[in-house]
Amino acid sequence: MTDFAQARETMVERQIAGRGIRDANVLSAMRTVPREEFVPEKLHRYAYDDGPLPIGEGQTISQPYVVALMIEAAALRPGERALEIGTGSGYAAALMGQIASDVFTVERHGVLADRARSCLARLGYANVHVHTGDGTLGLPGEAPFDVIIASAGGPDVPAAWKEQLAAGGRIVMPVGRHGYQDLVKLVRGSDGGFTKELLGGVRFVPLIGAQGWPDKAGWVRDLLTWGGDDPNGAG
């Protein structure tokens, strides 16, 4: 029988803090959220492994370190409102929900959105709100957001997200294709302009939508080129 509490603590010590994550809010969230609840039951024993796991619909739950890195890079703080694109299993949204006052998360796959909504409700995350739809358009009815994090790689940062970002707000997302993206951070200044920072190379599933990639055909070829192994993915 797996001791998930101990496995979670070991994950934080070795994979998260051990790789340089220092944000106390992120570390606390990683120690609190039960990752095993966000993966298929048959994969529970692998929940705290240092890598992604399949969650259905061609998507994965991301490597824990990558999720922690993105939330730390976004400098998410208590009291802020966050938008997540690519709900996946709901794990990243739950982590963000441990910190933010409200998290709005959008998933284009209805099956995954329904599962995540049910799981988050069962675990008591009343401040995480799951929507089904085209995440590249954001959620204008809930804007502005202090933080926007995307768990999928697009050709560029969608204009809709920039418009929905508050002054001082941060966007963290993978940008690029062909099996490799740059993790990009944008910060909106008080004058409405943006500063850009590159955080390193990552690989994520494609951001599909009106302001993302138009279809998945090219990405299927890319995945076959990679040998079918996508090391990151939806939350």
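This is a predicted model: local features need pLDDT of at least 70, side-chain atom pairs count only at pLDDT 80 or more; totals for chains, interfaces and linings use all residues.
1. The buried residues of helix H3 are Pro64, Tyr65, Val66, Val67, Ala68, Met70, Ile71 and Ala73. With eight of its ten residues buried, H3 is mostly covered.

2. Part of the surroundings of H3 is supplied by helix H1. Met11, Gln15 and Ile16 of H1 meet Pro64, Tyr65 and Ala68 of H3. The axes of H1 and H3 are 10 Å apart, and the two helices pack at an angle of about 70 degrees. Since angles from 65 to 115 degrees count as roughly perpendicular, H1 and H3 are therefore assigned to that class. The crossing of H1 and H3 is right-handed.

3. H3 is followed by Ala75, which has a positive phi of about 55 degrees although it is not a glycine. Ala75 sits in the loop between helix H3 (64–73) and strand E3. Its relative accessibility is 23%, so Ala75 counts as partly exposed. Glu57 likewise is not a glycine and has a positive phi, of about 60 degrees. Glu57 is placed in the loop between strand E1 (53–56) and strand E2 (59–61). A relative accessibility of 38% makes Glu57 partly exposed. As background, most residues other than glycine have a negative phi, and most peptide bonds are trans.

4. A further backbone point concerns the peptide bond from Ala143 to Pro144, which is cis, with omega near 5 degrees. Pro144 belongs to the loop between E5 and E6. Glu142, discussed under point 8, lies in the loop between E5 and E6 as well.

5. The sheet is open and consists of seven strands in the order E5-E4-E3-E6-E7-E8-E9, with mixed pairing. Strand E5 (128–132) and strand E9 (194–202) stand at the edges; each has a single partner strand, so one side of each lacks a neighbour in the sheet. On average, neighbouring strands of this sheet are turned by 15 degrees against each other, direction ignored. Strands of a sheet pair through backbone hydrogen bonds, either parallel or antiparallel.

6. Within this sheet, strand E3 (residues 81–85) pairs with strand E6 (residues 145–150) in the parallel sense, over four bridges. Leu83 has Ile148 as its bridge partner in E6. On the E5 side of the strand order, helix H5 (residues 110–122) lies across strand E4 (102–107) and E5. H5 runs at about 165 degrees to E5.

7. The count of salt bridges comes to eight, and three of them are described here. Glu9 forms a salt bridge with Arg31, the closest N and O atoms being 3.0 Å apart. Glu9 lies in helix H1 (residues 4–16) and Arg31 in helix H2 (residues 24–32), so this pair ties together parts that are 22 residues apart in sequence. Both partners are partly exposed: Glu9 has a relative accessibility of 24%, and Arg31 has one of 36%.

8. Glu37 and Arg122 meet through their side chains in a salt bridge of 3.1 Å, N to O. Glu37 is in the loop between H2 and E1, Arg122 is in helix H5, and the two are 85 residues apart. Glu37 is partly exposed, with a relative accessible area of 30%, whereas Arg122 is exposed at 53%. The side chains of Glu142 and Arg81 form a salt bridge at 3.8 Å, N to O; the distance may be read against the 4 Å cut-off for a salt bridge. Glu142 lies in the loop between E5 and E6 and Arg81 in strand E3, so the pair ties together parts that are 61 residues apart in sequence. The relative accessible area is 27% for Glu142, which is partly exposed, and 25% for Arg81, which is also partly exposed.

Methods. Residues are numbered from 1 along each chain as its sequence is written. Side-chain values use heavy atoms; hydrogens and water are left out. Two strands pair if DSSP finds at least two bridges between them. Axes are lines fitted to C-alpha atoms, for helices over the stretch in contact, and angles run from 0 to 180 degrees between N-to-C directions. Contact means heavy atoms within 4.5 Å. Buried means under 20% relative accessible area, exposed over 50%, partly exposed in between (1.4 Å probe, protein chains only). Angles under 35 degrees count as roughly parallel, over 145 as roughly antiparallel, 65 to 115 as roughly perpendicular and the rest as oblique. A crossing is left-handed if the near helix is turned anticlockwise from the far one by less than a right angle, and right-handed if clockwise.
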